[in-house]
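Take a look at the chain shown below and keep it open while you read.

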Amino acid sequence: MDLTEPGEYQALLVSESGCDSIVTLTLNVLLVSETTIEAAVCAGNSYEFNGEQLTESGEFTAVLTNASGCDSTITLTLTVLPVSETTLGATICAGEGYVFNGAIFTESGEYTAVLTNETGCDSTVTLVLTVLPASETALEAVVCNGETYEFNGELLAESGEYTAVLTNAAGCDSSTITLTLTVLPAFETQLEAAVCAGETYEFNGEPLTESGEYMAVLTSAAG
């Protein structure tokens with residue numbers, strides 16, 4: 001008969017001489033072993049199992065020989081963790097800096113950092129940085145002596161160069177406006193004239209016949 005259980009078994013046999021022969025069998029049943037392994041690797045890496053390099057998630061089985069010489073079934077549950085990629089957009093004004101991955105960036109461009117995500121795998125973060133340009137505007141203005149020119153909330157009455165830093169359309173304090181103001185002088189001219197009694201002297205469109213001092217306000221060549 002086939003024996004499958006461990007134990008001690010006896011058989012009564014007849015020897016060649018015709019005598020009884022008792023044979024005692026001590027049977028040990030060695031157990032097969034089953035082992036389950038769980039493992040995880042990051043995408044792009046591999047896991048070696050039973051001589052193979054595995055790169056995809058799944059369940060893999062290998063039948064080996066254990067220390068007792070019996071079959072040993074090993075089941076591997078492999079998880080391939082994804083890497084992550086993130087893109088960030090940021091905008092700063094000229095003259096400012098943006099802190100990214102421990103560094104300060106002041107110029108427009110694309111910057112990349114490889115970090116570790118929550119699963120322990122690589123996380124690639126790309127920063128697209130835009131630095132808004134500063135704007136400069138030059139103005140020229142002319143006023144007559146005695147007049148004023150309003151600039152950045154002030155009334156200016158003297159020739160010179162004036163500067164104001166305003167907030168441009170992008171919201172940055174980088175719009176520099178420079179005003180060159182010219183104040184034109186007023187001119188005063190004195191004329192002396194003489195005529196004989198009975199004659200007239202024309203001044204500013206009027207005929208004058210009497211001695212005296214007369215004044216006219218005219219517009220100069222500068223306006």
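Cysteine 42 and cysteine 121 are joined by a disulfide, with 2.1 Å from S to S. For a pair to get that name here, the two cysteine sulfur atoms must be within 2.5 Å. The structure holds one disulfide. It ties together distant parts of the chain, as the two cysteines are 79 residues apart: cysteine 42 belongs to strand S3 (residues 33–42), while cysteine 121 is in the loop between S11 and S12. The torsion about the S-S bond is about -90°, so this disulfide is left-handed.

Before going further, a word on what you're looking at. This is a predicted model, in which local features need pLDDT of at least 70 and side-chain atom pairs count only at pLDDT 80 or more, while totals for chains, interfaces and linings use all residues. Residues are numbered from 1 along each chain as its sequence is written, and side-chain values use heavy atoms, with hydrogens and water left out.

How do the cysteines compare in accessibility? Here "buried" means under 20% relative accessible area, "exposed" means over 50%, and "partly exposed" is in between (1.4 Å probe, protein chains only).

| Residue | Relative accessible area | Class |
|---|---|---|
| Cysteine 42 | 17% | buried |
| Cysteine 121 | 0% | buried |
| Cysteine 144 | 24% | partly exposed |
| Cysteine 196 | 52% | exposed |

Stay in the loop between S11 and S12, and you'll also find asparagine 117. Is asparagine 117 buried or exposed? With a relative accessible area of 17%, it is buried. Its side chain makes a polar contact of 3.4 Å with the side chain of serine 84. A polar contact is a pair of N or O atoms within 3.5 Å; within protein, one must be able to donate a hydrogen and the other to accept it, and residues adjacent in sequence count only if both atoms are side-chain atoms. Asparagine 117 is also in contact (heavy atoms within 4.5 Å) with Pro82, Val83, Ser84, Asp122 and Ser123, if you leave aside its neighbours within four places in sequence.

Now for the cores. A nonpolar core is a set of buried Ala, Val, Leu, Ile, Met, Phe, Trp, Tyr and Cys residues joined through side-chain atoms within 4.5 Å. In soluble globular proteins, nonpolar side chains tend to be buried together. The largest core in this model has ten residues: Ala90, Ile92, Phe100, Phe105, Tyr111, Ala113, Val125, Leu127, Leu129 and Val131. Strand S8 (84–93), strand S11 (109–116) and strand S12 (122–132) are the elements that give two or more residues to it. S12 gives the most, with four. Apart from this core lies another one, of nine residues, including Ala141, Ala164, Ile177 and Leu181.

Alanine 113, a member of the ten-residue core, is in contact with Phe100, Asn101, Ser123, Thr124 and Val125, leaving aside its neighbours within four places in sequence. Tyrosine 98 sits in strand S9 (residues 98–100) and is partly exposed, at 26% relative accessible area. Not counting residues up to four places away in sequence, tyrosine 98 touches Ala90, Ile92, Ala103, Ile104, Phe105, Leu127 and Leu129.

Most residues other than glycine have a negative phi. Asparagine 50, though, has a positive phi of about 55°, and its place is in the loop between strand S4 (47–49) and strand S5 (52–54). Asparagine 204 has a positive phi near 55°, and you'll find it in the loop between strand S18 (201–203) and strand S19 (206–208). Asparagine 50 is partly exposed at 49%, whereas asparagine 204 counts as exposed at 51%.

Finally, zoom out. The protein has zero helices and 19 strands; both are DSSP runs numbered from the N terminus, with helices (H or I) needing at least four residues and strands (E) at least two. Its C-alpha atoms fill a box of roughly 190 × 20 × 20 Å along the principal axes. The radius of gyration is 52 Å, while a compact globule of 223 residues would have one near 17 Å. That radius is taken over C-alpha atoms, and the globule rule is 2.2 Å times the number of residues to the power 0.38. Of the 223 residues, 19% count as buried.
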